[in-house]
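Here is my note on the model you asked me to look over. Please read it with the coordinates open.

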2 protein chains.
Amino acid sequence: MTARLFSGKALALAMESDQKVRAEALPRNPALAVVLVGDDPASRVYVRNKVRACERTSVRSIEITLPYETTEETVLAEVARLNADPEVDGILVQLPLPEHVDASKVVSAIDPAKDVDGFHTTSAGSLLQGLPGFRPCTPAGVMEILKAAEIDPAGKQALVIGRSMIVGKPMALMLLDADATVTIAHSRTPNLPELCRQADIVVAAAGKADLVKAYMVKEGAVVIDVGTNRLPSGRLVGDVAPDVVDRASVMTPVPGGVGPMTIAMLIENTIRSAEGRLGKAH
Amino acid sequence: MTARLFSGKALALAMESDQKVRAEALPRNPALAVVLVGDDPASRVYVRNKVRACERTSVRSIEITLPYETTEETVLAEVARLNADPEVDGILVQLPLPEHVDASKVVSAIDPAKDVDGFHTTSAGSLLQGLPGFRPCTPAGVMEILKAAEIDPAGKQALVIGRSMIVGKPMALMLLDADATVTIAHSRTPNLPELCRQADIVVAAAGKADLVKAYMVKEGAVVIDVGTNRLPSGRLVGDVAPDVVDRASVMTPVPGGVGPMTIAMLIENTIRSAEGRLGKAH
């Protein structure tokens with residue numbers, strides 16, 4: 001079997017054209033505030049990518065760039081101002097923050113109703129309890145990929161590799177809500193190959209190049225690669241080895257797979273927030 | 001192999017004597033407010049059991065019994081009063097509430113710092129994010145049983161059967177935090193026997209009598225029975241069939257297993273809350 005490579009990039013583009021129509025149909029443009037403290041080059045690139053996605057979808061981006069020396073108090077005051085601003089629908093604080101600013105305190109200060117990253121404790125609790133709220137963008141993007149690829153997790157065996165707060169754990173809960181039987185594996189799992197071979201759906205989010213190899217994958221499985229690992233050569237690769245393409249039925253490439261969908265879901269959350277705020281049900 | 005039957009009742013009693021000492025060492029007795037609306041007979045029994053556990057551990061119980069007709073507004077006002085009372089360490093609203101009172105609204109109104117049941121969305125989010133907070137009492141009780149039985153979940157394969165908000169999901173996260181590889185199975189899982197046979201630790205919380213049978217259990221597995229099912233005869237049984245005793249290494253009985261530990265953890269949460277409030281680290 002040769003896997004179909006599912007293009008997250010193409011799906012993100014398709015979503016964007018729908019998002020642009022929805023954004024322009026609202027009484028005012030949805031607005032996403034992006035707070036960047038300091039000038040970490042990687043963070044700058046991430047922020048730029050998000051701002052560009054806003055531009056493509058008629059979402060107003062409000063870039064708030066604060067110098068590295070900014071105090072925690074000032075960052076918190078900025079978040080409070082954005083919470084209070086009725087024209088702001090989403091607030092994203094680009095992580096990491098400088099060491100002298102408590103990131104968890106800053107994220108907790110965001111109004112959960114504007115927490116489009118889905119990192120607030122209230123958003124996490126809502127996910128666990130099945131209540132409405134913003135879901136973290138990366139696992140939400142994976143769910144959109146499965147939907148677009150017409151893969152229904154119900155009754156399937158899913159394996160999530162990795163247990164981070166922003167990917168692994170929420171991913172497991174979202175697959176569980178979709179009626180999959182879910183296993184969460186991690187660095188302390190002794191028998192990953194064995195578990196992997198049983199899975200109909202594998203989501204690799206361990207941050208380890210070539211972790212999932214062909215011999216570990218069940219013939220016809222769906223393999224979603226959330227890894228982004230930079231090789232010494234500078235090349236970006238996922239957690240899934242290239243030869244898995246000969247075993248899987250559907251696979252996502254890196255780059256161009258889950259990555260673009262993460263940003264698409266950030267825009268989606270922002271537009272939904274605006275639709276809710278401006279009285280349009282979604 | 002014949003399983004050791006682990007008595008949750010004995011462990012709860014041992015914990016209670018320690019709890020009593022800690023409660024009496026504080027500047028004032030820890031206090032648990034129990035709000036009961038209406039006179040559902042089962043709820044009355046549950047409340048009575050909790051009040052008795054308070055009496056045994058020198059925790060002051062404040063029983064607030066409101067008539068069935070009480071409005072949501074009045075229940076919320078009562079919760080607000082208890083939140084504001086510096087002498088109250090824990091607030092428990094006995095569920096179910098009458099239909100005209102929105103239970104989720106009432107639970108959300110409890111100050112997370114007094115949410116000793118661990119049902120608040122903030123408590124759930126703290127669990128997911130690995131932050132401090134009150135954990136739901138039943139899965140917390142299971143973790144105590146494992147600890148007391150000297151079963152370290154790290155590196156083990158755990159199966160949680162059931163995905164409720166108050167047992168299955170938090171149980172899976174707590175076992176994951178203890179470095180187990182965790183699978184969550186549920187009513188839509190097609191191959192439960194197969195999954196069960198692979199597990200070193202099985203937590204059955206499906207609410208289905210005799211769901212876990214001997215042939216499904218790996219020789220030497222630890223089997224924790226969270227089920228409480230009332231048979232037509234009136235007898236109370238768990239989710240685990242009696243013949244599992246011949247396969248498991250450790251097993252919890254029903255009644256007398258997880259049940260008493262749920263109440264012990266409620267008392268534990270209340271005392272920890274008081275210790276925190278009264279400036280004693282735990």
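1. **Basis.** This is a predicted model: local features need pLDDT of at least 70, side-chain atom pairs count only at pLDDT 80 or more, and totals for chains, interfaces and linings use all residues. Residues are numbered from 1 along each chain as its sequence is written, chains are lettered from A and ligands numbered from 1 in the order in which they are written, and side-chain values use heavy atoms, with hydrogens and water left out.

2. **Interface extent.** On chain A, 34 residues are in contact with 34 residues of chain B; contact means heavy atoms within 4.5 Å. The two chains bury about 3,000 Å² between them, with 54% of it on carbon and sulfur atoms. Buried area here is the accessible area (1.4 Å probe) that two parts lose on being put together, summed over both. L128(A), Q129(A) and K169(A) lose the most area on the chain A side, together 22% of what that side buries.

3. The criterion is a side-chain nitrogen of Lys or Arg within 4 Å of a carboxyl oxygen of Asp or Glu. One of them joins R163(A) to D179(B), at 2.8 Å from N to O.

4. **What builds the chain A side.** Three elements of chain A give two or more residues each to the side touching chain B: α5 (121–129), α7 (168–177) and β6 (181–185). Helices (H or I, at least four residues) and strands (E, at least two) are DSSP runs, numbered from the N terminus. The largest share, 8 residues, comes from α5(A).

5. **Symmetry.** How are the two copies related? A rotation of 180 degrees, with 0.0 Å of shift along its axis, superposes chain A on chain B (RMSD 0.0 Å). That is the relation of a two-fold axis. The superposition is by least squares on the C-alpha atoms of residues with pLDDT of at least 70 in both. The copies meet through the same surface, because 100% of the interface residues of chain A are also interface residues in chain B.

6. **Sheet.** An open, mixed sheet of 12 strands has the order β1(A)-β11(A)-β8(A)-β7(A)-β5(A)-β6(A)-β6(B)-β5(B)-β7(B)-β8(B)-β11(B)-β1(B). Two strands pair if DSSP finds at least two bridges between them. The edge strands are β1 (4–5) of chain A and β1 (4–5) of chain B. Within chain A, β5 (157–161) and β7 (201–204) run parallel, with 4 bridges. I161(A) has A204(A) as its bridge partner in β7(A).

7. **Local geometry.** Please look at the cis peptide bond joining L95(A) and P96(A), where omega is about 0 degrees. P96(A) lies in the loop between β4 (90–93) and α4 (103–109) of chain A. The peptide bond from L95(B) to P96(B) is cis too, with omega near 0 degrees. Also check E150(B), a residue other than glycine with a positive phi, near 55 degrees. E150(B) sits in the loop between α6 (137–148) and β5 (157–161) of chain B.
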